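Here are my notes on the model you sent over.

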Amino acid sequence: MDVSALEWSITIAVTIAVLTFDVVVIARNPHEPSMRECTIAFIAYMSAAAVFGFWVMFFHGVDYGVDYFTGFIVEKSLSVDNLFVFIVLMAALKVPRKYQQEALMVGIILALVFRGIFIALGYQLVSNFSWVFYLFGAFLVYTAVGLVRSYRKHEEEHPEDNKVVKWAQTHLNVGEEYRGLKLWWKDNGVRVYSPMLIVILALGVTDILFALDSIPAIFGITDEPYLVFTANVFALMGLRQLYFLIGGLLKRLVYLSLGLAFILGWIGVKLFIHAAYKGGLIDWEVPTLLSLVVILVALTITAVASLAKSKGADDEVVATDGGAAVPPAPQPAERGED
């Protein structure tokens, strides 16, 4: 894929401009966004992602466009899984709703920085050592197995218990007051750190861990650095709005981890086949279009099965409550009665 320096420059400049605009707007007016505000922004981001994909198809070829859309869908799916951890983290550290936008914005910026670093490292590795695809594939399969085991054991995420976070809480004078993105201040000559600093540390560690999954996954779709970078950028854009839009719905996606486990396992196997193809052991590899279809089908089945399962659980609760003996509510006396 021949990407000019101008394309790279425009892409990076627009990304920085959008992030800067978001930071300035949110910092000026910390608030819990309305559903209308989130919906408009999310649709705008997703429309931009789709337009960019069609632009890639038109200027660079259909195959590269399919690579981008497949990578975007995979990264977006993994980003939705990130929201589970963000929700747990915000609740555990008691972040006020009005400041959660700021925390999420910092988390997204950190995610872009870490993923940019990992993309650069990953590209150098896959460009010089074809056997790295075996390592990436093995790591994704291992991650997939871990997701299945966590689901079967009903293990919950506890990002607030990370060692880095615990060290900061133990060794720093952390107060209880949130002051937006102001991370420390002096109180009677003593430096007090905002709990927002702990939140940012937890988000940073979480972003690194998620990047370890997402970067090998996207390299399983394409090894074009431009597509890897843009798919990650567009997957993270709109994540903040999605957090507020479907925070309650996320709890209903009970099979999401299993769906992601299947997708990561599929990509892991695809990487093994790709490595064998690169090494001249076989003369065929999995078409990206086939991967796109498999991933979309897996996500659809995951969503439908999850909603059906959660609806069934809700109906069971309603039926149980309905069968309980409930004393009739007292009726007001009619006029004229003593």
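1. Helix H2 (residues 35-60) passes helix H8 (residues 225-236) in a left-handed crossing, left-handed being the label if the near helix is turned anticlockwise from the far one by less than a right angle, and right-handed if clockwise. Helices here are DSSP runs of H or I with at least four residues, strands are runs of E with at least two, and both are numbered from the N terminus. The H2 and H8 axes come within 10 Å and cross at roughly 160 degrees, which makes H2 roughly antiparallel to H8. Axes are lines fitted to C-alpha atoms, for helices over the stretch in contact, with angles from 0 to 180 degrees between N-to-C directions; under 35 degrees counts as roughly parallel, over 145 as roughly antiparallel, 65 to 115 as roughly perpendicular and the rest as oblique.

2. Who touches whom there? On the H2 side, Tyr45, Met46, Ala48, Ala49, Phe52, Trp55 and Val56 meet Tyr226, Leu227, Thr230 and Phe234 of H8, contact meaning heavy atoms within 4.5 Å. The residues of this H2 and H8 contact split into 10 nonpolar, one polar and no charged. For the classes, Ala, Val, Leu, Ile, Met, Phe, Trp, Tyr, Cys and Pro are nonpolar, Asp, Glu, Lys and Arg are charged, and the others, Gly among them, are polar.

3. Before going on, the ground rules: this is a predicted model, in which local features need pLDDT of at least 70 and side-chain atom pairs count only at pLDDT 80 or more, while totals for chains, interfaces and linings use all residues. Residues are numbered from 1 along each chain as its sequence is written, and side-chain values use heavy atoms, leaving out hydrogens and water.

4. H8 also packs with helix H4 (residues 97-128): their axes come within 10 Å and cross at roughly 165 degrees. H4 and H8 are therefore roughly antiparallel to each other, and their crossing is right-handed. Ile108, Ala111, Leu112, Arg115, Ile119 and Tyr123 of H4 meet Pro225, Val228, Phe229, Asn232, Val233 and Leu236 of H8. By class, that H4 and H8 contact holds 10 nonpolar, one polar and one charged residue.

5. Next, helix H3 (residues 62-92) and helix H7 (residues 195-219), whose axes come within 11 Å and cross at roughly 155 degrees. H3 and H7 are therefore roughly antiparallel too, and the crossing of H3 and H7 is right-handed. The contact of H3 with H7 has 11 nonpolar, four polar and three charged residues.

6. For the strands, S1 (residues 184-187) and S2 (residues 190-193) pair in the antiparallel sense over four bridges; pairing needs at least two DSSP bridges. S1 and S2 make a hairpin with two residues between them, and Asn188 in the turn has a positive phi of about 55 degrees. Trp184 stands opposite Tyr193 in S2, and Lys186 stands opposite Arg191 in S2.

7. Last, confidence. The protein averages a pLDDT of 81, with 87% of the residues at 70 or above; pLDDT is the predictor's confidence in each residue, from 0 to 100. Among the elements, H8 has the highest mean pLDDT (92) and helix H10 (residues 247-250) the lowest (66). Over residues 323-338 pLDDT stays under 50, and the model has zero contacts beyond four places in sequence for them.
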